[in-house]
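Morning, everyone. Please have a look at the structure on the screen. I'll take the pocket, then a sheet.

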Amino acid sequence: MPLKLRNYEMNIRPLILGLPLILTGCSTMSNFSWSSLSPLNWFGSSLEVSGKGVGEINAGTPMSESAVNDGLNGDYRLRSGMGTSNGQIVAFYQAMDGDDIKLVISGEPKGHVQRVDIMDPEVATEWGSKLGTPFSDMYSKAFGACKPATGDDAGNVECVASQSKYVTYIFSGKWAGPQDIIPPDDTLKSWTVSKIIWHAKAQ
């Protein structure tokens, strides 16, 4: 008896999962970006630090809310202010996540971005370093690369990245010595990055 083959048609219905989106806490629509709804942004920041800048922020970025917001992909809520640094008036934007300050972007009023301080543990450099990276993973010694940090970072150590003179790291740790002296290398080995700073001018 000949074997008859029957073709069975299988209808596959795509399962569409509805994901309700609840938008809260948007103080102004200028601080909201639809890119923040991308799945790529659900698992951490998409920003990266390099010698050229932070995300899309660089030395040519104007110190305006719209330009800074675009440079940060709309990932943060911005809060503006004015202050002084070395006797000079500076404008700044604090990039907020809830009540936490994650980045501070500063520069001359109506000028361009001069510096970005990164305190967001989700933001890494293009070389893989980020907040919490030990000194020993990046340097064998402090000589030639590091100096005592000043200002708000006094008591810590600031080191220039080996890959770019436009990026510095603030290292923090335990040290019972004077603030204006760099701790011994054996002590620094256990210190970790507490802040990453991008500078418009080489350090």
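First, a term. A pocket here is an open set of grid points where a 1.4 Å probe fits, with protein on both sides within 12 Å along at least five of seven lines. Keep in mind that this is a predicted model.

The largest pocket holds about 1100 Å³ of space. Its lining counts 36 residues. Closest to the centre are Ser85, Asn86, Val90, Ser106 and Arg115.

Which strand gives the most to that lining? Strand S4 does, with five residues. S4 runs over 88-97. Other strands that each supply at least two lining residues include S3 (77-85), S5 (100-107) and S6 (113-118).

What about residue classes? The lining has 15 polar, twelve nonpolar and nine charged residues.

And where does the largest pocket lie? Domain 1 covers 45-118 and domain 2 covers 124-199. Both give residues to the lining, so the pocket lies between them.

Next, the sheet. Three strands form an open sheet in the order S2-S1-S7, and the pairing is mixed. S2 (53-54) and S7 (124-125) stand at the edges. Each has a single partner strand, so one side of each is left without a neighbour in the sheet.

In general, strands of a sheet pair through backbone hydrogen bonds, either parallel or antiparallel. Which sense do S1 and S2 use? S1, residues 48-50, pairs with S2 in the antiparallel sense, over two bridges. Ser50 has Gly53 of S2 as its bridge partner.

That's it from me. Thanks.

Technical notes:
Residues are numbered from 1 along each chain as its sequence is written. This is a predicted model: local features need pLDDT of at least 70, side-chain atom pairs count only at pLDDT 80 or more; totals for chains, interfaces and linings use all residues. Side-chain values use heavy atoms; hydrogens and water are left out. On a 1 Å grid over the protein atoms alone, a cavity is a set of points where a 1.4 Å probe fits but cannot get out, and a pocket is an open set with protein on both sides within 12 Å along at least five of seven lines; lining residues have an atom within 4 Å of a point. Grid points are joined across faces, edges and corners, and a volume is the space filled by probe spheres set on the points. Helices (H or I, at least four residues) and strands (E, at least two) are DSSP runs, numbered from the N terminus. Ala, Val, Leu, Ile, Met, Phe, Trp, Tyr, Cys and Pro count as nonpolar, Asp, Glu, Lys and Arg as charged, and the others, Gly among them, as polar. Domain bounds come from an automatic or database domain assignment. Two strands pair if DSSP finds at least two bridges between them.
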